[in-house]
Amino acid sequence: MRGRMRLSILFFTFLLFVSTAFSQVTNSSKPGGLAEEQDYAFAYGLFKDGLFQLAADQFDQFVEKYPASMKKIDAVFLSIESRFQHQQFDTAARLYARFVSEYPDSRLTDDASLRLGESYLRLKR
């Protein structure tokens with residue numbers, strides 16, 4: 001009987017350990033997790049490599065997947081900046097204007113305002 005009791009306790013301890021380890025792996029998509037960092041780094045790498053259309057798509061996916069991320073505003077801005085760099089000035093102008101109205105207190109609002117003007121200049125508006 002004692003052997004069974006020890007075996008049961010050992011088994012439940014093992015299950016507790018495995019479930020804790022598994023939950024840490026599956027929670028990596030929560031804000032601040034490893035998956036979030038990797039997704040942002042991937043999009044940023046595409047941007048730095050000049051693959052602007054792919055970067056815009058990846059930043060859009062990042063914002064959709066991690067709406068509570070501390071990097072959300074940066075990702076939104078870089079998504080728009082990717083479109084500007086890809087010479088999609090009409091789309092960029094519309095999105096920069098929205099950025100300025102949605103994030104008036106962001107450290108990137110002045111940059112967005114400047115790029116909005118540059119987009120209009122490129123569109124000859």
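Helices here are DSSP runs of H or I with at least four residues, numbered from the N terminus. With that in mind, colour the predicted model by secondary structure and follow the chain: from the N terminus on, its elements run α-α-α-α-α-α. That gives 6 helices and 0 strands.

Before zooming in, take in the whole protein. Of its 125 residues, 31% count as buried. Among the contacts between residues at least 6 apart in sequence, 47% join residues at least 24 apart.

**Stop 1: α2 against α3**

Select residues 34-48 for helix α2 and residues 52-65 for helix α3. The two pack at an angle of about 160°, and their axes are 7 Å apart. That angle makes α2 roughly antiparallel to α3, since the cut-off for this label is over 145 degrees. Turn the view to look through the pair, and you will find that α2 passes α3 in a left-handed crossing.

Now show side chains at the contact. On the α2 side, pick Glu36, Asp39, Tyr40, Phe42, Ala43, Tyr44, Leu46 and Phe47. They meet Phe52, Leu54, Ala55, Gln58, Phe59, Phe62 and Lys65 of α3. Colour this contact of α2 with α3 by residue class and you get 11 nonpolar, 1 polar and 3 charged residues.

**Stop 2: the aromatic rings**

Keep the side chains on and select Tyr40, Tyr44, Phe47, Phe52, Phe59, Phe62 and Tyr66, which form one aromatic cluster. Counting rings whose centres lie within 6.5 Å as paired, there are 11 aromatic pairs. For tyrosine 40 and tyrosine 44, the ring centres are 6.3 Å apart and the planes lie at 10°, so this pair is stacked.

Both of these tyrosines belong to helix α2, where they sit 4 residues apart, about one turn of the helix. Are they buried or exposed? Tyrosine 40 is buried, with a relative accessible area of 11%, while tyrosine 44 is partly exposed at 34%.

Next, jump to phenylalanine 99 and tyrosine 103. Their aromatic pair is tilted, with 5.0 Å centre to centre and 50° between the planes. Phenylalanine 99 and tyrosine 103 are both buried.

**Stop 3: phenylalanine 52**

Go back to helix α3 and centre the view on phenylalanine 52. This residue has a relative accessible area of 18%, so it falls under the 20% cut-off and counts as buried. Which residues does phenylalanine 52 touch, not counting those up to four places away in sequence? Select Phe47, Ser82, Gln85 and His86 to see them. For a distance label, draw a line from the C-alpha of phenylalanine 52 to that of isoleucine 80: the two are 28 residues apart in sequence and 9.8 Å apart in space.

**Stop 4: α3 against α4**

By class, the contact of α3 with α4 divides into 9 nonpolar, 3 polar and 3 charged residues.

Key: Residues numbered from 1 in each chain as written. Predicted model: local features only at pLDDT ≥ 70, side-chain atom pairs only at ≥ 80, totals over all residues. Heavy atoms only, no water. Axes fitted to C-alpha atoms, helices over the stretch in contact; angles between N-to-C directions. Parallel < 35°, antiparallel > 145°, perpendicular 65-115°, else oblique. Left-handed = near helix turned anticlockwise from the far one by under 90°. Contact = heavy atoms within 4.5 Å. Nonpolar A, V, L, I, M, F, W, Y, C, P; charged D, E, K, R; others polar. Phe/Tyr/Trp six-rings, centres within 6.5 Å; stacked < 30°, edge-to-face > 60°. Buried < 20%, exposed > 50% of the residue type's maximum accessible area, 1.4 Å probe, protein only.
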